[in-house]
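Work through the following exercises with the sequence and the coordinates at hand. Each task is followed by a stepwise solution.

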Amino acid sequence: MQHVDLGPSPPSLTTPKADAERAALRAFYSIPGNEKLPYDKGFTAYKGDGVREQLTEMFKGKCAYCETFYKATQPADIEHFRPKGGVTIKDTRPQPPGYWWLASEWSNLLPSCSDCNRPRRQDFPGGLPRTAGKANRFPLASEAKRAAAPGQEAKERRLLLHPSLTACTPPVLRHAEHVHRRAPAEHSSSGDEWGYRMSASPSSRRRTSAASSSTYP
Ligand SMILES: [Zn+2]
């Protein structure tokens, strides 16, 4: 994975209309009893003018996860790094409320190919086809630390790399491989299906230990 500098937020994410959606979300989730409910008005601000185009330009037409050059064949999905409306824990249906306060946060948006973003049946070497794709997953080292309110995400120890927010040395990131599997993930204490296998090159292997500790803040 290559580092991508987080550029300035598109103007459409800071318009009064976008602010109104964020205010409506805050109002909805401030009502006692709504803490575990899905937001039923829908999210639209993140799809504002120029968002998809700016993400495509920043990432040079490549998927933020697999780096496939999607631009030649398809428009990018605007992917929420932290799911906006619910989180899938293991095989559950998405559990609301998700990270609603990050629904139109620029740093939470990434361009993704449809295979990485959506749950689809995929062929895997040596095994039966199974459903893969990030969808509403956002694995953490400890589910007990899952954020339930704005700001709490700072205490999470995430297991998913972010091309702009992850602090890691490039030689290690180039050899990071994300895998979707049923066995407990190498860096997951919860046995989550989505984990990472780090395979540093010989020249970078000596730096892997120190770098990995900064990969999962
Ligand atoms: Zn992809």
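Two residues are in contact if their C-beta atoms, placed from the backbone, lie within 7 Å. The model is predicted: local features need pLDDT of at least 70, side-chain atom pairs count only at pLDDT 80 or more, and totals for chains, interfaces and linings use all residues. Residues are numbered from 1 along each chain as its sequence is written.

**Exercise 1.** Locate Leu 110 and list what it touches.

Solution. Step one: Leu 110 lies in strand E2 (strands are DSSP runs of E with at least two residues, helices runs of H or I with at least four, numbered from the N terminus). Step two: leaving out residues up to four places away in sequence, Leu 110 touches Leu 55, Ala 64, Glu 79 and Phe 81. Step three: Leu 110 counts as buried because it has 24 C-beta neighbours inside 10 Å (buried means 20 or more other C-beta atoms within 10 Å, exposed 12 or fewer, partly exposed in between, with C-beta atoms placed from the backbone).

**Exercise 2.** Find the contacts of Leu 55.

Solution. With residues up to four places away in sequence not counted, the partners of Leu 55 are Ala 76, Ile 78, Leu 109, Leu 110 and Pro 111.

**Exercise 3.** Decide which residues of H1 are buried and which are exposed.

Solution. Step one: Ala 18, Glu 21 and Leu 25 are the buried residues of H1. Step two: these residues are on the same side of H1, because they cover an arc of only 55 degrees around the axis (the arc of the directions from the helix axis to the C-beta atoms). Step three: Pro 16, Ala 20, Ala 23, Arg 26 and Ala 27 are exposed on the other side of H1.
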